[in-house]
Amino acid sequence: MTDLQETGPSVPSSDKSKVRVAVVFGGRSGEHTISCATAAGVLSAIDRDRYEVLPVGITPEGQWVLVEDDPAALELSDGRPPVTITADVLGRGTLTAPLGGGELTVLGPTGPRALGRVDVVLPLLHGPYGEDGTIQGMLEMMGVPYVGCGVLASAAGMDKQVTKVLLGAAGIATAPHVVVGPHAWKRDPEAILEACRSLTYPLFVKPARAGSSLGISKVDRPEDLPGAIEAARAVDPKVLVESGIVGREIEVAVLQGRGDDAPRVAEPGEIAMDVAQGAGEFYDFETKYLAHDAVAMVCPARIGPKERSLIMDTAARAFEAVGCEGLARVDFFLTDTGEAVVNEINTMPGFTPFSMFPYMWQVSGLEYTDLVSELIELALSRSSDVNR
């Protein structure tokens, strides 16, 4: 939201020879900073000869603001505080759009002001209120094309339990788990702890509807489990407790096929962590985004042809089982016995310079700028049927 007066960024003039892309980032979730870092990467990479960009930030309070087109200001860095989109400097108002798209309008204290047409929205929002189907539903109602999965797949991919149900129905293996419902833990914690005795230690306790490894704990002893559940509940009242799977962590980037073609799958990648350089016991938030020297992205993953084929085929099946469109990253454990166990599906994977999704496609022959263009073109070409 912005009143677009003297305090805010100027609105770029609309070049009708280019597709106009509203890049939306920030958001109300705990992954606000990661979303800003993703936007920094995309804003740096997008083909300015083909696309005119309108950067739109969402504050942690849910206000929509115009943001300066300055990727460097949004980057995540050890040397400065995390970036947070604020409305204090830019002013505030209400962002609206007519049904069927057309011009976005801001209704501010001095009256309406047009932002110009928007041909497609690129929502780079991670976590709740963005990656979970909420903004997708809003854009569907407005009739504005957008990049990425639709409402149902976004919501299902955000909820790790629902993902497991859909994958299980498709015959795809996931880790054994116990669901800690929003009220079950307060009602009968002993019943939850009893159910967890069937799981294999170490356990991983996760918020059911969060990403970027927020709120995840590794538990080696039963006496530490209640504290880990409480820590996860601080992020999301619905929690999963999973058996630890012994295996290598393999990630696979998937793109929607063109037309009726099958999903396209990049070369699998692997995360190699160096504890001596600051990596945690698992791929946690600090290791993922801050301890860059402690993480090596290995792509193609050092796996044999049989395992490679299994993982790539399973990634495509998982993409279709959840009903994904546009893009997704499928994360696996590859066990010593050669089983591919899906850890999770991320329907809006990170695009930071240290993210695996763009790197896997780069190794597979699709450069960062071309990847962004491909996603935009997929969004413009797909059906606008809200029931899809």
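This is a predicted model: local features need pLDDT of at least 70, side-chain atom pairs count only at pLDDT 80 or more; totals for chains, interfaces and linings use all residues.
When neighbours within four places in sequence are left aside, Glu344 is in contact with Lys160, Arg329, Val330 and Asp331, while Asn346, with residues up to four places away in sequence not counted, touches Glu131, Ala328 and Arg329. Asn346 has a relative accessible area of 14% and is therefore buried, the cut-off being under 20%.

Turning to the aromatic residues, the count comes to 2 aromatic pairs. In one of them, Phe351 and Phe357 form a tilted pair, with 5.6 Å from centre to centre and 55 degrees between the planes; both Phe351 and Phe357 are buried. The rings of Phe351 and Tyr368 have centres 6.2 Å apart and planes at 35 degrees, so this pair is also tilted. The latter pair links distant parts of the chain, 17 residues apart, with Phe351 in the loop between β17 and α10 (356-363) and Tyr368 in helix α11 (residues 368-381). Phe351 counts as buried because its relative accessibility is 2%, whereas Tyr368, with a relative accessible area of 23%, is partly exposed. Phe351, Phe357 and Tyr368 together form one aromatic cluster.

Charged side chains are also placed over aromatic rings. Arg28 lies over the face of Tyr129, at 3.9 Å from the ring centre, and the charged end of Arg382 sits over the ring of Tyr146, 4.6 Å from its centre.

Technical notes:
Residues are numbered from 1 along each chain as its sequence is written. Side-chain values use heavy atoms; hydrogens and water are left out. Contact means heavy atoms within 4.5 Å. Buried means under 20% relative accessible area, exposed over 50%, partly exposed in between (1.4 Å probe, protein chains only). Rings of Phe, Tyr and Trp (its six-membered ring) pair if their centres lie within 6.5 Å; planes under 30 degrees apart count as stacked, over 60 as edge-to-face and the rest as tilted. Helices (H or I, at least four residues) and strands (E, at least two) are DSSP runs, numbered from the N terminus. A charge sits over a ring if NZ of Lys or CZ of Arg is within 6 Å of the ring centre and within 35 degrees of the ring normal.
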